[in-house]
Amino acid sequence: MVIYDGKAVFEGIAIGRISVYKKQEQKVKRVKIDDIEAEKKRYADARDTAIEQLKALYDKAVKEVGESGAEIFEAHQLMVDDEDYIESVENIIETESVNAEYAVAQTGDNFAKMFMEMEEEYFRGRAADIKDITERILNALSGAGGDGIVSDEPVIVVADDLAPSETVQMDKDKILSFVTVHGSANSHTSILAKTMSIPAIIGCPIPLSEEVDGKMAVVDGYEGKVYVEPDDDILAVKKKLLLEEEEKKNLLERLKGRENVTLDGQKINLYANIGNTKDLGLVLENDAGGIGLFRSEFIYLGSDDYPTEEEQFAIYKQVAQTLAGKKVIIRTLDIGADKQADYFELPKEENPAMGLRAIRICLTRPEVFKTQLRAILRASAFGKISIMFPMIISVDEVKKIKTIVDEVKKELDDAGITYDKNIELGIMIETPAAVMMADELAEEVDFFSVGTNDLTQYTLAIDRQNQSLDDFYDSHHPAIMRMLKMIADAAHRHNAWAGICGELGADLSLTKEFLAMGYDELSVSPGRILPIRKTVLETNVSEYKKEKGL
């Protein structure tokens, strides 16, 4: 038995044979050509083929992992059609009289190198996307097929790294787990693995050779270990854990329809975070009580221009009607930082995470803001909609927002358009400033929803995308826990309710703590609803407080 250690990115146990996945990378030769226009046409045709493949991958990913997990394939389509990339390829073909394969490979290398040299971790991560689309275009030029897993039985996929397209192209029924030598916990592939509920380990120094290929192994996504040719004792222990996992899944299914009430009668709402209407099926399938975070910015990110009022209204109306009276909290656009839409023409910033983003854009571009607010308010006549505003740091901002909302309401009244005149207005608490002003802010709004991802980042002064700082990043830091208690207390002092919509809300090790703090709502990815419900139903909050001396 040989044991390899790595970093777990999704928990679970997998037992089966290893299949070493090797990329069939193109070997590109530099060839002189005579007909430049014909070569440019070959490149254009390959580009069209790549885009068609990516559209098919997008449709497949939507069905398997939902809209948010499929977004990467829309992004890759845009990258294939990027003017700078296209111009670079065509320029190399024209000026050097070379084949399209060489021009594409050269452009891919240049662009990947450019991204790798950028300071922002987010942009460095895009180098992998450039390599992925470059390889796809090269395959289209050569007529090569995609890679896959050749096996009659489900296997543990072991690879150097996996691009998102490679992950989605694999037959999910043939994959027990994947283990990679490289990769990041925040990479698109890791996110897809979590959405697909496949145990996964990255940063594992496992050999990519016949030394492990075809051998029996155990992947422990709790410990971050891979056991190759495990002994009988290890195999028995892990088989027992796997059986327990299956039993837990079956038990969770029985929790559907149950009310989220603790043993001592404390209730909490469990809502879902989604990015688009195509995620609605996951919301209903996992028995969420409502939508605690509808990320409206994806409407903007998926458009080539500002989405119109009618386009937005149709989407918000569909969500409200589908949820049939359950609460739907729509976050106003949160563009900026790592979410960029070219047509906004935002200035280049040294530190975009602390720059012109979210509510700051809305308040400086009131017509864009009003268009969205009109669409949301009109849709509120068809369901139970609330509006939430991100990145708030002051009472003055909230008062400006409320003034604009009142102006939009008057416009609708004058036009005789119906809407929910008592629509809830809330804010996201994701800055230390908002925490310190929580009492004053609670007097102005109906609810708080804590964005723990940004709150942790800003409080600890650590870029959460920077994997070199993983050892310093602590989402359970005492300062964060104290802030969360302060937020809930301030909301309740002023008759507002408090929820959490960041990733920390799905952390089962903190569910009892959030109940003890008095949170009224947790909004998480749809697949986490039932596991949290199980913890809620098994918890006696009064006893927990006594144990902790609270």
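Leaving aside its neighbours within four places in sequence, which residues is Val-328 in contact with? Please go on from there to the helix packing and the cores.

A: This is a predicted model, so local features need pLDDT of at least 70 and side-chain atom pairs count only at pLDDT 80 or more, while totals for chains, interfaces and linings use all residues. Residues are numbered from 1 along each chain as its sequence is written, and side-chain values use heavy atoms, with hydrogens and water left out.

Beyond four places in sequence, Val-328 is in contact with Ile-291, Val-319, Ala-320, Leu-323, Lys-384, Ile-385 and Ser-386. Contact means heavy atoms within 4.5 Å. Val-328 belongs to strand β11, residues 327-331. Strands (E, at least two residues) and helices (H or I, at least four) are DSSP runs, numbered from the N terminus. The relative accessible area of Val-328 is 0%, so Val-328 is buried. Buried means under 20% relative accessible area, exposed over 50%, partly exposed in between, with a 1.4 Å probe and protein chains only. Gly-292 lies 36 residues away along the chain, yet its C-alpha atom is 6.3 Å from that of Val-328.

Next, the cores. The largest nonpolar core has 85 residues, and Phe-389, Phe-448, Leu-484 and Tyr-519 touch the most other members. Such a core is a set of buried Ala, Val, Leu, Ile, Met, Phe, Trp, Tyr and Cys residues joined through side-chain atoms within 4.5 Å. Helix α17 (residues 478-493) gives the most to this core, eight residues. Not counting residues up to four places away in sequence, Tyr-519 touches Leu-484, Ile-487 and Ala-488, among others. Another core, of 34 residues, lies apart from the largest one and includes Val-62 and Leu-138.

Now the helix packing. The axes of α16 (residues 452-460) and α17 come within 10 Å and cross at roughly 125°. Axes are lines fitted to C-alpha atoms, for helices over the stretch in contact; angles run from 0 to 180 degrees between N-to-C directions. α16 and α17 are therefore oblique to each other. Angles under 35 degrees count as roughly parallel, over 145 as roughly antiparallel, 65 to 115 as roughly perpendicular and the rest as oblique. Thr-452, Leu-455, Thr-456 and Thr-459 of α16 meet Ala-479, Ile-480, Met-483, Leu-484 and Ile-487 of α17.

Helix α12 (residues 366-379) and helix α13 (residues 395-414) also have axes within 10 Å, crossing at roughly 60°. That makes α12 oblique to α13. Their contact includes Phe-369 and Arg-374 of α12, and Ile-401 and Glu-407 of α13.
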